[in-house]
Amino acid sequence: MSLVNGTEIFKAAREGHYAVGAFNTNNLEWTRAILAAGQETNTPILIQTSMGAAKYMGGYELCLNLVEQTVKAMNITVPVIMHLDHGNYEAAKECIEVGYNSVMFDGHDLPFAENLEKTKEIVALAHAKGISVEAEVGSIGGEEDGIVGAGELADVEEAKQLAAAGPDYLAVGIGNIHGVYPANWKGLSFERLEELASVIKIPLVLHGGSGIPKEQIIKAISMGISKVNVNTECQLVFAKATREYIEAGKDQQGKGFDPRKLFAPGTQAITDLVKDRIEWFGTPEVK
Ligand SMILES: [Zn+2]
């Protein structure tokens, strides 16, 4: 199957009270691992690159080609959405140009009026090419030093205005945080999610999905979260599996140092994690 945009997939998720996972790729192994999880569960899947990961891999065009060619090589038949995660204005425009299926324009560091204006511009450019857009209201916390105990809460009025600018889905801060959650984290704010979901009918996006307890994620999905981003957890399971392989001395047995062997446990660990999260999110099988 060729790549698809996210508009209908996430709209169906919001209506059906489930979510579709969004997983960040960093290289060939990550790409294969994430796509395999979608295929093995027969569910749609979103694969995304941050600006940093795209720079690391060699640019947006290379990332898109990598995903397209891997979908082909692996005979992936489930819908796959190629998405830009946390793009600034220039990155979003470049990915629209290159032909991503979906882009996030993250204008959280801009004054709100400018975020709103630029979101409208990106929406117009993207929609002209059939590309979906994710906007972000407010900011999603990200301190990993344990000082920040609660993520930010999106302003409901700003969220309403941003949703009216025409994006297909909206990332909202409801106490979620990027990276590893500190021990003193206060949990998701279901009050704020309820306020947001009652006035915003487009799919809502939960960033920082790594480390939020399962019950909280399931409750948030039942209330309107339709896309859950998972990045850090994939990195952690890859590192753990690779470390165990090396600590067991397996890289020193036979040709265990061959990258096809060395990276295999970590790659499998990502597939396992992604499949597990697909189950949490209740993503239904493709008919
Ligand atoms: Zn994020």
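Ile-45 stands opposite Val-80 of strand E3 in this predicted model. Strand E2 (residues 45-50) and strand E3 (residues 80-87) run parallel and are joined by 6 bridges. Helix H12 (residues 264-281) packs on the sheet as well, where it touches strand E1 (20-24), E2 and strand E8 (225-230).

**The barrel and its helices**

- In the order E1-E2-E3-E4-E5-E6-E7-E8, 8 strands close into a barrel with parallel pairing.
- On average, neighbouring strands of this sheet are turned by 25 degrees against each other, ignoring direction.
- The direction of H12 makes about 150 degrees with that of E1.
- Helix H6 (residues 112-128) lies across two strands, E4 (102-105) and E5 (132-137), and runs at about 170 degrees to E5.

**The annotated binding site**

- Under "binding site", an unreviewed UniProt entry lists Gly-179, Gly-208, Gly-209, Ser-210, Asn-229, Val-230, Asn-231 and Thr-232.
- These residues are spread over 54 residues of sequence, yet they cluster in space, with a largest C-alpha distance of 11.1 Å.
- From this set, the lining of the largest pocket takes in Gly-179, Gly-208, Gly-209, Ser-210, Asn-229, Val-230, Asn-231 and Thr-232.

- Gly-208 counts as buried because its relative accessible area is 9%, which falls under the 20% cut-off.
- Gly-209 is buried as well, because its relative accessible area is 2%, again under 20%.
- Setting aside neighbours within four places in sequence, Gly-208 is in contact with Ile-177, His-178, Tyr-181 and Asn-229.
- Gly-209, with residues up to four places away in sequence not counted, touches Ile-217, Val-228, Asn-229 and Glu-233.

**Val-286, after H12**

- Val-286 belongs to the segment that follows H12.
- With a relative accessible area of 30%, Val-286 is partly exposed, because this value lies between the 20% and 50% limits.
- Beyond its neighbours within four places in sequence, Val-286 is in contact with Asn-42, Thr-43, Pro-44, Val-78 and Pro-79.
- Val-286 and Ala-165 stand 31 Å apart in space, C-alpha to C-alpha, and 121 residues apart in sequence.

How values were computed:
Residues numbered from 1 in each chain as written. Predicted model: local features only at pLDDT ≥ 70, side-chain atom pairs only at ≥ 80, totals over all residues. Heavy atoms only, no water. Pairing = 2+ DSSP bridges. Helix = DSSP H or I, 4+ residues; strand = E, 2+ residues; numbered from the N terminus. Axes fitted to C-alpha atoms, helices over the stretch in contact; angles between N-to-C directions. Contact = heavy atoms within 4.5 Å. UniProt positions renumbered as here; feature names shortened; annotations may be inferred. 1 Å grid on protein atoms, 1.4 Å probe; cavity = no way out; pocket = protein on both sides within 12 Å on 5 of 7 lines; lining within 4 Å. Buried < 20%, exposed > 50% of the residue type's maximum accessible area, 1.4 Å probe, protein only.
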